[in-house]
Amino acid sequence: MVRNIKNVTLFIVLGLLINYSIAQDYCSYLKQGLMFYKAQRAGRLPDNDISWRGNSVLTDSSPGGKLDSNGDGDLSKGYFDAGDGVKFGLPMCWSMVMLGWSFIESQANIASCGLTDLYLEDLKWGTDYILASHLSDNEFVAQVGNGELDHSYWEPPEFINYVRSVYTINQNKPGTELAMEAAAALSAASIAFKSSNPSYASTCLNHAKTLYNFGKTYQGVYSDSVPDAQPFYNSYSGYKDELVWGAVWLYKATSDPSYLSDAENFYQTNGIGYNGISNSFDWDQTAAGSTVLLYKITGKQLYADIMTQTMKYWLPGGGVTYTPGGLAWIRQWGPARYAMSMAFIGTVYGTSDSLQFAKKQLDYVLGSNGQSFVVGMGPKYPINPHHRAAHHSTTNNIKDPVNNKYILYGALVGGPGSDDSYVDDREDYIKNEVALDYNAGYVSTLAYFALGIYL
């Protein structure tokens, strides 16, 4: 009997040690996932944490915008969207909502990994740009850089010297999706920075309120007002889901019941939850995020029922295709990012089934099936993501050099085919693109499982 007790004790200790080891790995993965955002920074860089990145697009500026003490434009910072040199307001704002939300949900875990400063630094680099983009009460920068022109060059961002167009939304050219995403991002940031930087948190919240009023008062599809965004980030779902999204985040930041009333009214009037049951959660379709937040805030059965149906759709045997290796594969272009965004929703929802789903999806992209989809992480990882800066061609040639010059550590690539097939080919941007929104769900899910010094 004593021997059996010792054996049980040994198994428990070994299990804890294994779990501790995995948690430590997740901390290192989380750090690299956050460093990816540093590799995406535009503007004058305050450090050389990514040694192969330098200053870029310093002249990016709003019409009539003031230069700073370095002579840089007011829109020079922010993040490049993906492997290109454009700053798209969407999905950048959605990505910052995700980082802020994840920090709120997993702050203790992030701290236990020693990553609080890096996490907030990444968030602030994005929200500083969002604040700079808010030119007046009813005017917001939607995009910097012409997409078609930018994509005709294959060069690192440090080489960019073409004229950078600036596109805005305003009361005559409304963009409710973008205004609400920006309001949500700044609301989440106001909560995340409330204790460490209350003055900045207050600034974020004031802008969030104004942007919310702008989006609510002047309603319209942002990609109709900014046609240049249509080939890249067209608003297929429309803006009604973002009305809920913006309102629920303002409620979280303020506890003002008028915002919750707006959120619930918009939600029910437009059938938002049911529209999201059999869909992804992403920069264009925010229904699942709003549903889980409303459920957590109100505890109402309506939201619980819709969340149950949503997760059932994503679990094995539901409506989503599963690859033989276990990835929840909803569509061809970048399936790993959709799996990771829904995995994060699973962590917030917090049922045993949704947490198991989240963990399995995370482990899949990190290589549980033998192929990692995160650069530099796990077994057999990609080395040639579709990324101009990491490839670092000096000849405007996607084939030269043969392999990327630099390793883009921590970047989630698009992912495999529905049969788990994958080729590490930068010219296949469907499977090998990387982007702000791709990493947002991945980093947010990692933060939940990265337990650091705690078991």
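Student: Which helices each supply at least two residues of the lining of the largest pocket?
Tutor: The model is a predicted one. In it, the helices that each give two or more residues to this lining run from 230-233, 335-349 and 436-449. They are H8, H14 and H18.

Student: Which residues lie nearest the centre of the largest pocket?
Tutor: The pocket has a volume of about 730 Å³. By class, its lining has 9 charged, 9 polar and 12 nonpolar residues. Nearest the centre lie Pro 231, Phe 232, Tyr 233, Trp 333 and Arg 337.

Student: How many helices and strands are there in the protein, and why is it as compact as a globular protein of that length?
Tutor: The protein has 18 helices and 6 strands. The globule rule gives 23 Å for 455 residues, and the radius of gyration is close to that, so the protein is as compact as a globular protein of that length. The radius of gyration is 21 Å.

Student: What percentage of the residues in the protein is buried?
Tutor: Buried here means under 20% relative accessible area. The protein exposes about 17500 Å², with 51% of it supplied by carbon and sulfur atoms. Of the 455 residues, the buried ones make up 58%.

Student: Among contacts between residues at least 6 apart in sequence, what percentage joins residues at least 24 apart?
Tutor: A contact needs heavy atoms within 4.5 Å. Among such contacts at the separation of at least 6, the part joining residues at least 24 apart is 71%.

Conventions: Residues are numbered from 1 along each chain as its sequence is written. This is a predicted model: local features need pLDDT of at least 70, side-chain atom pairs count only at pLDDT 80 or more; totals for chains, interfaces and linings use all residues. Side-chain values use heavy atoms; hydrogens and water are left out. On a 1 Å grid over the protein atoms alone, a cavity is a set of points where a 1.4 Å probe fits but cannot get out, and a pocket is an open set with protein on both sides within 12 Å along at least five of seven lines; lining residues have an atom within 4 Å of a point. Grid points are joined across faces, edges and corners, and a volume is the space filled by probe spheres set on the points. Helices (H or I, at least four residues) and strands (E, at least two) are DSSP runs, numbered from the N terminus. Ala, Val, Leu, Ile, Met, Phe, Trp, Tyr, Cys and Pro count as nonpolar, Asp, Glu, Lys and Arg as charged, and the others, Gly among them, as polar. The radius of gyration is taken over C-alpha atoms; the globule rule is 2.2 Å times the number of residues to the power 0.38. Buried means under 20% relative accessible area, exposed over 50%, partly exposed in between (1.4 Å probe, protein chains only). Accessible areas come from the Shrake-Rupley method with a 1.4 Å probe; for residues, only the protein chains shown count as cover.
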